Amino acid sequence: MRNFFLALTTVLLTVACSDRAPGHADPAPATDHAEPAAEDSHESDTEHAIYWDYGDAAGPTKWGTLSPDFALCDEGRQQSPIDLSVAVANDKEVEVRRNFQPVKVHISYQESTVSLLDNGHTIQVSFDEGNTIDVGNKKFALVQYHFHAPSEHTMDGKHFPMEVHFVHTTESEELAVVGVLIEQGEHNAAFDPVWGILPREPGESRVLEGQDVDLDALVPQSSGAFRYEGSLTTPPCSEGVRWFVRLEPIALSAGQIATFTGIFNNNNRPVQPRNDRELVIDTPTYIE
Ligand SMILES: [Zn+2]
């Protein structure tokens, strides 16, 4: 867990050097960037990350060519995001039910004190310890969540205005991501504490002090989930990620969505081929 967390921190802090996706700032050469303000001293001597973004020259179709470390972005066969088809999933569900027990995800999020970081690609909300999900008999700890606009996964070909990814890991560095699609609707007060202090410059971080975030309010608790084996949706596009994308979206108001897209827009990787992967629906994935 510790090693993974350091590695993740390294990636996230070093990408903070990157410029905004087009629309926010003019891209600058990767060699030209100052080192970002590091949260931890061990980051200060970290080698600069490979520059990538969501534009044309260093965007998703080029990621695999930017570094040998990013080769999976081109060559991987189990990449994320994908289109989530209810029909395909239901079709598979019959087969899966016959052969396997559905994976049960038990989400047990406690109230947490959090820190926010604009890492150059998204707003990332990091957690202290104590928030976990159980996938079958395996416990995954929540490390961070972050946002994409529009959604990365599509549902029957349709994008949602936003998507949030809750990233979890085990001590042996296995990854599980719970994705929640965000539609436009009523004002969502559960987002107010975080939305009130969103960092707005790459490398900028904020700590939410004296006010805990109730994660349970951010995740639809009774919803089932699409489950499939995928990857990170950002370089290095590492595979072996267990994806659980909730069937039921949550809502943010138009104003709340605009607040985020005023900082980041089009920070979504296009859907990738599903190839021969199984896409199943687990219902329910939340068990008290
Ligand atoms: Zn993500």
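This is a predicted model: local features need pLDDT of at least 70, side-chain atom pairs count only at pLDDT 80 or more; totals for chains, interfaces and linings use all residues.
A residue is called buried here if 20 or more other C-beta atoms lie within 10 Å of its own, and exposed if 12 or fewer do.

**Stop 1: helix H6.** Select residues 254-261, which form helix H6. Its buried residues are Gln 256, Ile 257 and Phe 260. Viewed down the axis of H6, these buried residues fall within an arc of 100°, so they line one face of the helix. Turn to the face directed away from the buried side, where the exposed residues Ala 254 and Gly 255 are found. Next, display the elements against which the buried residues of H6 pack: strand S6 (138-148), strand S8 (162-169), strand S9, helix H5 (192-195) and strand S13 (250-252).

**Stop 2: the nonpolar core.** The largest nonpolar core has 58 residues. Select Met 162, Val 177, Ile 182 and Phe 226, the members that touch the most others in this core. Then colour strand S9, residues 175-184, which gives the most to the core, with seven residues. Centre the view on Val 177: leaving aside residues up to four places away in sequence, Val 177 touches His 165, Phe 166, Val 167, His 168, Val 241 and Trp 243.

**Stop 3: strand S4.** Move to residues 123-127, strand S4. Five of its five residues are buried, so the strand is largely enclosed by the rest of the structure. In a regular strand, side chains alternate between the two faces of the sheet. In S4, Ile 123, Val 125 and Phe 127 point one way, while Gln 124 and Ser 126 point the other way.

Ser 115 stands opposite Ser 126 in S4. Four residues lie between the strands of this hairpin, in which Gly 120 takes a positive phi near 95°.

**Stop 4: the whole chain.** Zoom out to the six helices and 14 strands. Of the 288 residues, 42% count as buried. Among contacts between residues at least 6 apart in sequence, 70% join residues at least 24 apart.

Finally, colour by pLDDT. The chain mean is 79, and 73% of the residues reach 70 or more. Over residues 1-47 the pLDDT is below 50, although the model has 70 contacts for this stretch beyond near neighbours in sequence. Residues 96-100 also stay under 50, with two contacts beyond four places in sequence.

Technical notes. Residues are numbered from 1 along each chain as its sequence is written. A nonpolar core is a set of buried Ala, Val, Leu, Ile, Met, Phe, Trp, Tyr and Cys residues joined through C-beta atoms within 7 Å. Helices (H or I, at least four residues) and strands (E, at least two) are DSSP runs, numbered from the N terminus. Two residues are in contact if their C-beta atoms, placed from the backbone, lie within 7 Å. The arc is that of the directions from the helix axis to the C-beta atoms. pLDDT is the predictor's confidence in each residue, from 0 to 100. Two strands pair if DSSP finds at least two bridges between them.
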